Amino acid sequence: MAIYVVMEPPGRGERSDGTVFVRDGFAWLGFLVPPLWLAWNRLWIEAALTFVVMAILSMLGEKLGLAWAGSALSLLVSLYVGLEGQGLRIAALRRRGWHEWGVVEADRLDGAETRHALETDVPPDEQPPVPRIVPDANLARPAQTGMALGLTHTPGRP
């Protein structure tokens with residue numbers, strides 16, 4: 001099963017239709033075509049930075065006659081975007097004012113949407129009550145016997 005991070009838009013109304021589900025895991029398209037994947041997800045600065053870094057690494061590798069080194073370093077950039085791409089999406093949404101509702105575990109996106117809808121549609125009066133912890137009155141009172149418990153002296157007792 002996959003984990004989806006549920007991000008809700010700013011302006012926390014009762015029903016948000018703009019909820020975004022971000023799958024937590026490796027982004028294969030982010031690994032294969034990092035600048036395009038970042039631009040598709042509206043991470044403009046990250047896309048431009050990735051494009052510039054990959055271009056500089058490629059040119060540097062050709063100028064030094066080490067094409068394999070430029071390719072290997074570009075592969076590392078692609079690997080980084082594949083591994084951290086979803087985290088970059090979540091961070092960008094947080095910067096835009098979105099808040100994290102929580103996580104949902106599901107096989108596919110539609111299952112995650114269904115689970116989220118079922119969890120948010122529960123009225124407050126149908127939610128299970130929060131248990132109250134009431135201290136026992138007998139535990140709060142000191143022992144009434146003349147006997148001291150333990151090996152230490154109890155102040156006020158003989």
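This report walks through a predicted model of one protein chain, from its overall layout down to single residues.

Residues are numbered from 1 along each chain as its sequence is written, and side-chain values use heavy atoms, with hydrogens and water left out. Since the model is predicted, local features need pLDDT of at least 70 and side-chain atom pairs count only at pLDDT 80 or more, while totals for chains, interfaces and linings use all residues.

## The overall layout

Let's start with the big picture. The protein chain has 6 helices and 3 strands. Helices here are DSSP runs of H or I with at least four residues, strands are runs of E with at least two, and both are numbered from the N terminus. If you read along the sequence, the pattern is β-β-α-α-α-α-β-α-α.

How much of the chain is buried? Of the 158 residues, 29% are buried. Buried means under 20% relative accessible area, exposed means over 50%, and partly exposed is in between (1.4 Å probe, protein chains only).

Contacts come next, and a contact means heavy atoms within 4.5 Å. Among the contacts with a separation of 6 or more, 63% are between residues 24 or more positions apart.

## Two nonpolar cores

A nonpolar core is a set of buried Ala, Val, Leu, Ile, Met, Phe, Trp, Tyr and Cys residues joined through side-chain atoms within 4.5 Å. Which residues make up the largest nonpolar core? It has 8 of them: Ala27, Trp37, Leu38, Leu43, Ala47, Val81, Leu88 and Ala92. The elements that give two or more residues to this core are H2 and H4, and H4 gives the most, with 3 residues. Apart from this core lies another one, of 7 residues, among them Tyr4, Val6, Phe21 and Val104.

Take a look at leucine 43, a member of the largest core. Leaving aside its neighbours within four places in sequence, leucine 43 is in contact with Leu38, Leu88, Arg89 and Ala92.

## The second largest pocket and arginine 42

Leucine 43 also turns up in the lining of the second largest pocket, together with Val20, Trp40, Asn41, Arg42, Arg89, Ala92, Leu93 and Arg96. On a 1 Å grid over the protein atoms alone, a pocket is an open set of points where a 1.4 Å probe fits, with protein on both sides within 12 Å along at least five of seven lines; lining residues have an atom within 4 Å of a point. About 150 Å³ of space lies in this pocket, where the volume is the space filled by probe spheres set on the points, and grid points are joined across faces, edges and corners.

Helix H4 (residues 67-95) gives the largest share of the lining, 3 residues. Sorted by class, the lining has 5 nonpolar, 1 polar and 3 charged residues. In this sorting, Ala, Val, Leu, Ile, Met, Phe, Trp, Tyr, Cys and Pro count as nonpolar, Asp, Glu, Lys and Arg as charged, and the others, Gly among them, as polar.

Where does arginine 42 sit? You'll find it in the loop between helix H2 (34-40) and helix H3 (44-63). Arginine 42 has a positive phi of about 60°, although it is not a glycine. It counts as exposed because its relative accessibility is 56%.

Methionine 7 lies in strand E1, and so does glutamate 8, with the strand covering residues 2-8. Beyond four places in sequence, methionine 7 is in contact with Thr19, Val20, Ile90, Leu93, Arg94, Trp98, His99 and Glu100. Its C-alpha is 5.8 Å from that of threonine 19, 12 residues away in sequence. Glutamate 8, again leaving aside neighbours within four places, touches Thr19, Trp98, His99, Trp101 and His116.

## A few residues side by side

| Residue | Relative accessible area | State |
|---|---|---|
| Methionine 7 | 0% | buried |
| Glutamate 8 | 13% | buried |
| Serine 74 | 13% | buried |
| Aspartate 110 | 39% | partly exposed |
| Alanine 48 | 42% | partly exposed |

Serine 74 is in helix H4 and touches Met54 and Leu57, not counting residues up to four places away. Alanine 48 belongs to helix H3.

Aspartate 110 is part of helix H5 (residues 109-120). Its side chain is joined to that of arginine 108 by a polar contact of 2.8 Å. A polar contact is a pair of N or O atoms within 3.5 Å; within protein, one must be able to donate a hydrogen and the other to accept it, and residues adjacent in sequence count only if both atoms are side-chain atoms.
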